[in-house]
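Here is a short briefing to read alongside the structure.

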Amino acid sequence: MGRVLQIQQDLLHFISSQIARSEVIGAETDLVTSGILDSMLIVDLIAHIESTYPVRIDSTDITPAAFQNVARLATMISERLSHHTQAA
Amino acid sequence: MEWPVHSPPLADTDIPIWHVYYLGACRAPSDPTMIWGTDVDVTGLDDYLQDVNRQSASLVSPAHVLVRAVASAIRLHPEINRRVIGSRVYRFKQINVMMALFNRWRPGGGNVVIERADELSLGDVAAELWRLHEASMRNPPRPPASPRLERIKRFAARHMVPLYLWFVNNINQPALGEHAAEHGAGVHVNYIATRNLAPLQMYKASRFPCETCLTNVTMGAAEKRPAVINDQIVIRKIAPLFVRSDHRIIDASQLGPFVASLRRFLMEPALMEGAARIEPADAGADKISRAA
């Protein structure tokens, strides 16, 4: 659970640094319906995730469910990190 | 006697290669460009995207709707989907839409082509564009070669490109090679909604040296603005829309209805599903409402 929260904080920090200061987001903020995520931010976010964690986000992973909020994204990354650790 | 500029000119190696490409390709033109700028109320687009994303396997964004809307509008106005070869106008066989993909690794931008975009669902357009985005990310530009090789590349860009362009712009050729798709698109699309940019009031996309994509559609980020509806001032989300086309293939009297159709599709994207059933020969801006 601690790892998920840590990833959440990292993602929130990254997204906040990319958007207008007036927009406040939390782990449960709907990134899709709020319009916070645009195409370019999604690509930047994926690049950030792949450069920070040993996981790969494919185009087929870019679904409304996975990118709905930071909490879901963090859970997906954490699960992949677990698989990565087990495989190593 | 005083010359107003420094001499000699900048060395080719001191400027980016795509500037050398344009320098080699372009001469001051007599400009047949026409631009139609307008605003689009995209408040409904947000609601539509929420509905679509509840069911879609791929995350659908406004950029994907823009591509699909352009394809639907071309289907209604096929006179847009043409190119010039020599001094003759040719019709494209299918509706291909070229789109600029911007990312941090390709500062000059990169273009991808969505083939038969009018026949794809919105989800298919999104899946294809995400796949192309991923391919772009996985294949970042190669680092600069040796200074000697960079000089050779720039020499070729300046002196060989005009020859290449003479062939592709004057002789009707089959679509071959890795750039085949790029020569098969009549329309280029930009979605410039990057955060922290100045609001887009006017934008004219540059023309490509090859005589394809004679029409460009550029949409900017939506902003909350006051609008008058039923004599009441209300807050709506408004996006700028610019369409650049070419007087050699269409008139303003044709460009206007195309822009009107495109604008309507962006305001009410659900109409695209009906418009796809209209045969091009029966098409017109006034037909959209009947298709809905």
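A salt bridge here is a side-chain nitrogen of Lys or Arg within 4 Å of a carboxyl oxygen of Asp or Glu. By that rule Asp61(A) and Arg80(A) form a salt bridge, with their closest N and O atoms 3.0 Å apart. Asp61(A) sits in the loop between H2 and helix H3 (70-87) of chain A and Arg80(A) in helix H3 of chain A, so the pair ties together parts that are 19 residues apart in sequence. Please keep in mind that this is a predicted model.

**Salt bridges**

- Side chains of opposite charge can pair when their charged atoms come close.
- Over all chains, a search of the whole structure finds 19 salt bridges.
- Between chain A and chain B the count is one salt bridge.
- Arg56(A) and Glu134(B) form a salt bridge, and their closest N and O atoms are 3.5 Å apart.

**The interface of chain A and chain B**

- How many residues does each chain bring to the contact? Chain A gives 26 residues and chain B gives 22 residues.
- The two chains, A and B, bury about 2,100 Å² between them, and 57% of that is on carbon and sulfur atoms.
- On the chain A side, the residues that lose the most area to chain B are Met40(A), Val43(A) and Pro64(A), which together account for 27% of what that side buries.
- Three residue pairs are found in polar contact across the interface of chain A and chain B, both residues being at pLDDT 80 or more.
- Helix H2 (residues 39-52) of chain A provides the largest share of the side of chain A that touches chain B, with nine residues.
- Sorted by class, the side of chain A that touches chain B holds 14 nonpolar, six polar and six charged residues.

**Cavities**

- Rolling a probe the size of a water molecule over the atoms shows where empty space is left.
- The structure has three cavities of 30 Å³ or more.
- The largest cavity holds about 190 Å³ of space. It is lined by 14 residues, and those closest to its centre are Ser39(A), Met40(A), Ala63(B), His133(B) and Tyr191(B).
- Which elements each supply at least two residues of the lining of the largest cavity? They are H2 of chain A together with helix H3 (62-76), strand S4 (97-103) and helix H4 (122-138) of chain B.
- S4(B) contributes the largest share of the lining of the largest cavity, four residues.
- The lining of the largest cavity divides into nine nonpolar, four polar and one charged residues.
- In the second largest cavity there is about 50 Å³ of space. Its lining consists of Val43(A), Ile46(A), Ile57(A), Ile62(A), Trp130(B), His133(B), Glu134(B) and Met137(B).
- H2 of chain A and H4 of chain B are the elements that give two or more residues to the lining of the second largest cavity, and H4(B) gives the most, with four residues.
- By class, six nonpolar, one polar and one charged residues make up the lining of the second largest cavity.

- In chain B, helix H2 (43-55), strand S6 (187-192), strand S7 (215-220), strand S8 (223-229) and strand S9 (232-246) each supply at least two residues of the lining of the second largest pocket.
- H2(B) gives the largest share of the lining of the second largest pocket, five residues.
- The lining of the second largest pocket divides into 23 nonpolar, 10 polar and eight charged residues.

**Around Thr38(B)**

- Where is Thr38(B) found? Thr38(B) belongs to strand S1 (residues 33-41) of chain B.
- In sequence Thr38(B) and Phe242(B) are 204 residues apart, while in space they are 6.4 Å apart, C-alpha to C-alpha.
- Not counting residues up to four places away in sequence, Thr38(B) touches Ala239(B), Pro240(B), Leu241(B), Val259(B) and Arg263(B).

Conventions. Residues are numbered from 1 along each chain as its sequence is written. Chains are lettered from A and ligands numbered from 1 in the order in which they are written. This is a predicted model: local features need pLDDT of at least 70, side-chain atom pairs count only at pLDDT 80 or more; totals for chains, interfaces and linings use all residues. Side-chain values use heavy atoms; hydrogens and water are left out. Contact means heavy atoms within 4.5 Å. Buried area is the accessible area (1.4 Å probe) that two parts lose on being put together, summed over both. A polar contact is a pair of N or O atoms within 3.5 Å; within protein, one must be able to donate a hydrogen and the other to accept it, and residues adjacent in sequence count only if both atoms are side-chain atoms. Ala, Val, Leu, Ile, Met, Phe, Trp, Tyr, Cys and Pro count as nonpolar, Asp, Glu, Lys and Arg as charged, and the others, Gly among them, as polar. On a 1 Å grid over the protein atoms alone, a cavity is a set of points where a 1.4 Å probe fits but cannot get out, and a pocket is an open set with protein on both sides within 12 Å along at least five of seven lines; lining residues have an atom within 4 Å of a point. Grid points are joined across faces, edges and corners, and a volume is the space filled by probe spheres set on the points.
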